[in-house]
Amino acid sequence: MWNLRCELLSLKFDVALDPQSLTKSALAAWLSGAPRRIGFSGSYGREFSTWLNNEYVEPIHCHMVDRGLELLRPLGIEETEAHFYLPEDGAAAAKMDDFLAAAKIHTPYAVLNPGAGWKSKLWPTANYGRVAQLLGEVRRIPSLVVWAGDQELALAKEIVAMSGGHATLAPS
């Protein structure tokens, strides 16, 4: 902690923004020595962050990116808008179009992504299977189960098997 504090102090931060507003992130902001430590108030300022930050924003927006941008308000930055640019890959799109046509999947269709950053955030595969089954039976919407890596492939295969024939495994 001492080494971290020395390193952060040497950078002479004026402001630290704490978009997580948790103890760990607020502690890092406090250790930085920044005179302005901006975090969230109310239910969004969790744990000890409200003791470690010294300026607070009550968020208005629901999406976490928009909420994070709201932390700029105390700095006089009011007009913020997030833009998400996804690259286009013509060859990949053509390959996917061919796959969907061969699988007889037409729009609309649902994309199910069973992967998560860590195991505690995984939703049970049986739930995904049931969602795919209900979408297929009630709404006539097929599901495509995407995956990346061997662990997610195993989950995706389980979901397809539990979908009552209403989900298809996506290509790698």
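Guide: Begin with a single side chain. Glu 70 is buried, at 4% relative accessibility. Keep in mind that this is a predicted model.

Visitor: Which residue forms a salt bridge with Glu 70?

Guide: The partner is Arg 73, and the closest N and O atoms of the pair are 2.7 Å apart. Arg 73 is partly exposed, with a relative accessible area of 26%.

Visitor: How many salt bridges does a search of the whole structure find?

Guide: The search finds two. Besides the pair of Glu 70 and Arg 73, Glu 55 forms a salt bridge with Arg 36, with 2.6 Å between the closest N and O atoms. That pair links distant parts of the chain: Glu 55 belongs to strand S3 (residues 55-57) and Arg 36 to strand S2 (residues 36-40), 19 residues apart. Arg 36 is partly exposed, its relative accessible area being 28%.

Visitor: Now the cysteines. How many disulfides does the count give?

Guide: The general idea comes first: a disulfide is a covalent bond between the sulfur atoms of two cysteines. Here the count comes to zero. As for accessibility, Cys 6 is partly exposed at 35% relative accessible area, while Cys 62 is exposed at 71%.

Visitor: How do I read aromatic rings?

Guide: Look at the distance between ring centres and the angle between ring planes; planes over 60 degrees apart count as edge-to-face. The count for this model is three aromatic pairs. One of them joins Trp 123 and Tyr 128, with 4.9 Å from centre to centre and 80° between the planes. This pair is edge-to-face because 80° is over the cut-off of 60 degrees. Tyr 128 is buried, with a relative accessible area of 14%, whereas Trp 123 is partly exposed at 42%.

Visitor: Which residue has its charged end over the ring of Trp 30?

Guide: That residue is Arg 5, whose charged end lies 5.2 Å from the centre of the ring.

Visitor: What should I look for in a nonpolar core?

Guide: In soluble globular proteins, nonpolar side chains tend to be buried together. In this model the largest nonpolar core has seven residues: Leu 112, Tyr 128, Ala 132, Val 145, Ala 156, Ile 159 and Ala 167. Helix H6 and helix H7 (149-161) each supply at least two residues of this core.

Visitor: Which residues does Ile 159 touch, leaving out those up to four places away in sequence?

Guide: Ile 159 touches Leu 112, Pro 114, Thr 125, Tyr 128, Gly 129 and Val 145.

Visitor: How do I read a helix and what packs on it?

Guide: An α-helix has 3.6 residues a turn, so residues three or four places apart point the same way. Take helix H2, where the buried residues are Ser 25, Ala 26, Ala 29 and Leu 31. Their cover includes helix H1 (2-10), strand S1 (15-17), S2 and helix H3 (49-52). After H2 comes Gly 33, with a positive phi near 80°.

Visitor: Is Ala 34 buried or exposed?

Guide: Ala 34 is buried, with a relative accessible area of 0%. Its place is in the loop between helix H2 (23-31) and S2. Not counting residues up to four places away in sequence, Ala 34 touches Phe 13, Asp 14, Val 15, Ala 16 and Ala 29. Ala 29 is also among the buried residues of H2.

Visitor: Which residues other than glycine have a positive phi?

Guide: Glu 47 is one of them, with phi near 55°. Glu 47 is found in the loop between S2 and H3, and at 55% relative accessibility it counts as exposed. Lys 104 is another case, with phi near 60°. Lys 104 lies in the loop between H5 and S4 and is exposed, at 65% relative accessible area.

Visitor: And where is a cis peptide bond found?

Guide: A cis peptide bond joins Thr 107 and Pro 108, with omega about -5°. Pro 108 is placed in the loop between helix H5 (90-102) and strand S4 (110-112).

Methods: Residues are numbered from 1 along each chain as its sequence is written. This is a predicted model: local features need pLDDT of at least 70, side-chain atom pairs count only at pLDDT 80 or more; totals for chains, interfaces and linings use all residues. Side-chain values use heavy atoms; hydrogens and water are left out. A disulfide is a pair of cysteine sulfur atoms within 2.5 Å. Buried means under 20% relative accessible area, exposed over 50%, partly exposed in between (1.4 Å probe, protein chains only). A salt bridge is a side-chain nitrogen of Lys or Arg within 4 Å of a carboxyl oxygen of Asp or Glu. Helices (H or I, at least four residues) and strands (E, at least two) are DSSP runs, numbered from the N terminus. Rings of Phe, Tyr and Trp (its six-membered ring) pair if their centres lie within 6.5 Å; planes under 30 degrees apart count as stacked, over 60 as edge-to-face and the rest as tilted. A charge sits over a ring if NZ of Lys or CZ of Arg is within 6 Å of the ring centre and within 35 degrees of the ring normal. Contact means heavy atoms within 4.5 Å. A nonpolar core is a set of buried Ala, Val, Leu, Ile, Met, Phe, Trp, Tyr and Cys residues joined through side-chain atoms within 4.5 Å.
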